[in-house]
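Here is a friendly walk through a two-chain model, going from overall build to local details. Have the sequence and the 3D view open as you read.

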Amino acid sequence: MDNLSTYLIISAILFSLGIYGVMTRRNAVAILMGIELILNSANLNFVAFNRFSGMEKLEGQVFSIFVIVLAAAEAAIALAIIINLYKNLNTVDVDEADSLKG
Amino acid sequence: MPISIFTLFLILPLASFIFQLSIGKRIGRNSHWVSLSFIFVTLCIALGNLFSEISHHSDEHASNLVFNWIDLGTFKIEHGFQLDSLSAIMLVVVSLVSFLVHLYSTEYMKGDPRYTRYFGFLGLFTFSMNGIVLADNLIMMYVFWELVGLSSYLLIGFWFEKDSAANASKKAFLTNRVGDIGMFLGIMTIYFFTASLGSATLSFDGITALFQSSFSSFTPADITIVTIAGVLIFCGAIGKSAQFPLNIWLPDAMEGPTPVSALIHAATMVAAGVYMTVRIFPFLTPQALEVVAVVGAVTAFGAAIIAITQKDIKKVLAYSTVSQLGYMVMALGVGAYQAGFFHLTTHAMFKACLFLCSGSVIHAMHHALHHLNDHKTDPQDMSNMGGMRNKMPITYASMLIATLAIAGVPLFSGFLSKDMILAGTLAYYHAHHGWTIILPIAGFGAAVITAFYMFRLIYLTFHGEPARKDVYDQIHESPLPMAFPLMLLAGLSLAFSFTFNLNPMDSHGWFTHLISEGINVVGLNMSQVIDGIHHAHHDAMIISLTVAGIGIGLAAIFYLYKLVNVEKLAGVLNFFGLYNLSYNKFYIDEIYDAILYRPFMWFCNLFSWIDWDLYDQKFIDFWGWFTLKISDGAGYSDYNWLDQKLVDGFGKITNKFGQGLKVTQSGIIQNYLLGGVIGFVTIFIIFKAF
């Protein structure tokens, strides 16, 4: 089981779950969670490719740490947006936030 | 005298003109003192000049250059003063008559609303006339020639409220233009001809000297050119001196104020034509002089016949002037140079006197009629006068003297000058024979008629019973400013004034000493002519005395003693149409009307029709209509097609697209993401597939 395709399959499953969550959930927090899944599937890919492509250096790992940091910042900003959304609309349902509708 | 003094002859009258037109009106009636004093100074200088000319007379022409007018290298015109005995005498004539007319007008024009303007115009005229007299070349003379034409126009039309006066001024101006065109062509011919001889010149002395030196080498063609040039320049004199066939304007010019008629249309301006002919006499060929003589003879005789039947006192005098000018022109034509200029001078005095006397009569008549509130009776019609000698003794005496002078009675100036002219025509006939018999016949015939119609005027006006008793009672003698010029001019109509010689038959005196016999450098043998005149003198005197006696006697029989019923005689003559022919001035006006005016008007109407009805209304208006239609079409297509369809169409299409595309902006974030995923998958599949 210790080969690249196993990791890639797990990563793909994580990514698909993330997309599914983002596209189907009405709750803004759930969408945020979906995005986290997508980001983590990318992290898994970074680390897996680094491990199985025989590279001396740890670029994949470093990149994934960057992504984690980025995700943290993203979560902070997104939660701030959600709080503001809630303050204005009194809900976190993204379907309600359609004032840009043409 | 220094040359600069002569500029005063131009400056003073011009100053009078400018003064009267600029500030005269504010001063009002008293402004005439300025004009009077200016002209009086001019007169004094002219007299001083004449006396110095008499005392140190020399035949040399003292022509002093004043300034270069136009200098374009080879083309050069210099303006100068010609100071000789001719101009000395003319300056006195012009200044004297001008001064007397100024004086006379202060009374005659009293109360006229344009009183100061009148004096201004008189100043302009005097300025221009002095310019003609002093000019030493043809161009300068032409400039002042046109200026006198202008002042004549202004003064004839002075009472422009009257249609007749306005029309008369236009007629005078236009008729003069006809002659002046000829004159200008003549000047150009002379210029180019002298240029072809090697030295282009327009000054009288220059042309004379040039022709004198080169006449021996003239070809027949050259002589023809000089003849044509002479006749063309003489056309100017035909217009200005009212010679046949341009005599029609002068009688109409009597619409102007009577003192103006005396100054301009009797004594000076009309004599300018004669004066100019005197100036160009040295280079008039015998052929050209023949034309001059015939024109003069026709005018002298024809105008005299017209004068017989006129009823208007001024019209009689006007035709008399035309006739006397014809005499002067005829005199020059036959080579009697001295006689022509002598008659000009004597005529200026007695004709100015006659006009001022007639003005005095008209003035009195006018006031009498005004007093009676009668505005229908014509104050100039002699049939309304009669017996006025008792009421106006000074006017009567002056007019009688002037009439005796013009009739050619010894002791009076006209006798001397007319006698010399008639001797000239007789001598011309003796020298040439043949058809030239018409010249002495016209001369003596006109002399009979002149004596007749002038005494007819005297008898009708001053003798007999008053035609209107009520008017007669209101007639008064004119006041001193009007009477004084009459007396002075009457004095100057005596032969003694021109000779200082008590023998009435002898014309030798200061005048004949001062004026030379004339020279001619293009083929006329002057000494032969002078000899001929000398021989013919005796016969001419006898005949002219006889004819003057016949004329006066006939007039006395017809009008003083009324031995013949004049109206019956006129009826008999009219059986042949003669009376009407004379009364209607030989129908010259009507002939011009028929051959010039009406065809001209017909052409004008034709061109007016072509221009307005055809070109303007049809052609131009068609383009207007056409442009309108095109514009309508263009406007329609622009609005309905371009604007409404194309421009608005773009707007509408954009709007439609926007409407369609706005559906995709659902505002639901998942939809956008779905689009992204589908797009990604599609691209992925496409890349995998190919």
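## Chain A at a glance

In chain A, 14% of the 102 residues count as buried. Please keep in mind that this is a predicted model. The secondary structure of chain A amounts to three helices and zero strands, and reading along the sequence gives the pattern α-α-α. The radius of gyration of chain A is 17 Å, well over the 13 Å that the globule rule gives for 102 residues, so chain A is more spread out than a compact globule.

The C-alpha trace of chain A spans about 50 × 25 × 25 Å along its principal axes. If you take the contacts in chain A with a separation of 6 or more, 49% are between residues 24 or more positions apart.

## Helix 2 of chain A and its partners

Helix 2 of chain A runs over residues 28–52, which makes 25 residues. From first C-alpha to last, helix 2 of chain A reaches 36 Å, close to the 36 Å expected at 1.5 Å a residue. Which residues of helix 2 of chain A are buried? They are A28(A), I31(A), L32(A), G34(A), L39(A), S41(A), N43(A) and N45(A). These buried residues pack against helix 1 (4–24) and helix 3 of chain A. Just after helix 2 of chain A comes G54(A), with a positive phi of about 70°.

N43(A) also gives a handy pair to look up in the viewer. N43(A) and I65(A) are 22 residues apart in sequence, and their C-alpha atoms are 8.2 Å apart in space. I65(A) belongs to helix 3 (residues 59–89) of chain A. Is I65(A) buried or partly exposed? I65(A) has 13 C-beta neighbours inside 10 Å, so I65(A) counts as partly exposed.

## After helix 3 of chain A

N90(A) sits in the segment after helix 3 of chain A. Its phi is near 65°, a positive value in a residue other than glycine. N90(A) is exposed, with 9 other C-beta atoms within 10 Å.

## Chain B at a glance

Turning to chain B, its secondary structure comes to 26 helices and two strands. The radius of gyration of chain B is 37 Å, well over the 26 Å that the globule rule gives for 690 residues, so chain B is more spread out than a compact globule. Along the principal axes, the C-alpha trace of chain B spans about 150 × 70 × 55 Å.

Of the 690 residues of chain B, 48% count as buried. Among contacts in chain B between residues at least 6 apart in sequence, 80% join residues at least 24 apart.

## The nonpolar cores

The largest nonpolar core has 209 residues, and A352(B) and C353(B) are those with the most contacts inside it. Helix 14 (residues 337–371) of chain B gives the most to this core, with 20 residues. Another core, of six residues, lies apart from it and includes V22(A), A28(A), I31(A) and L32(A).

What does A352(B) touch, leaving aside its neighbours within four places in sequence? A352(B) is in contact with V97(B), A262(B), A266(B), A267(B) and L489(B).

## A buried helix in chain B

Helix 17 of chain B covers residues 438–462. Helix 17 of chain B has 25 residues and reaches 35 Å from its first C-alpha to its last, close to the 36 Å expected at 1.5 Å a residue. Why is helix 17 of chain B described as largely enclosed by the rest of the structure? Because 21 of the 25 residues of helix 17 of chain B are buried. Helix 17 of chain B is followed by G464(B), whose phi is positive, near 70°.

## The loop between helices 8 and 9 of chain B

Two local features are found in the loop between helix 8 (220–240) and helix 9 (249–252) of chain B. A242(B), which lies in this loop, has a positive phi of about 55° although it is not a glycine. With 30 C-beta neighbours inside 10 Å, A242(B) counts as buried.

P245(B) is also placed in this loop. A cis peptide bond joins F244(B) to P245(B), with omega about 5°.

## Where the chains meet

How many residues does each chain bring to the contact? Chain A brings 10 residues and chain B brings 11 residues. On the side of chain A that touches chain B, five residues are nonpolar, two are polar and three are charged.

Definitions and conventions: Residues numbered from 1 in each chain as written. Chains lettered and ligands numbered in written order. Predicted model: local features only at pLDDT ≥ 70, side-chain atom pairs only at ≥ 80, totals over all residues. Contact = placed C-beta atoms within 7 Å. Nonpolar A, V, L, I, M, F, W, Y, C, P; charged D, E, K, R; others polar. Helix = DSSP H or I, 4+ residues; strand = E, 2+ residues; numbered from the N terminus. Expected span 1.5 Å × (residues − 1). Buried ≥ 20, exposed ≤ 12 C-beta atoms within 10 Å, placed from the backbone. Rg over C-alpha atoms; globule rule 2.2 N^0.38 Å. Core = buried A, V, L, I, M, F, W, Y, C linked by C-beta atoms within 7 Å.
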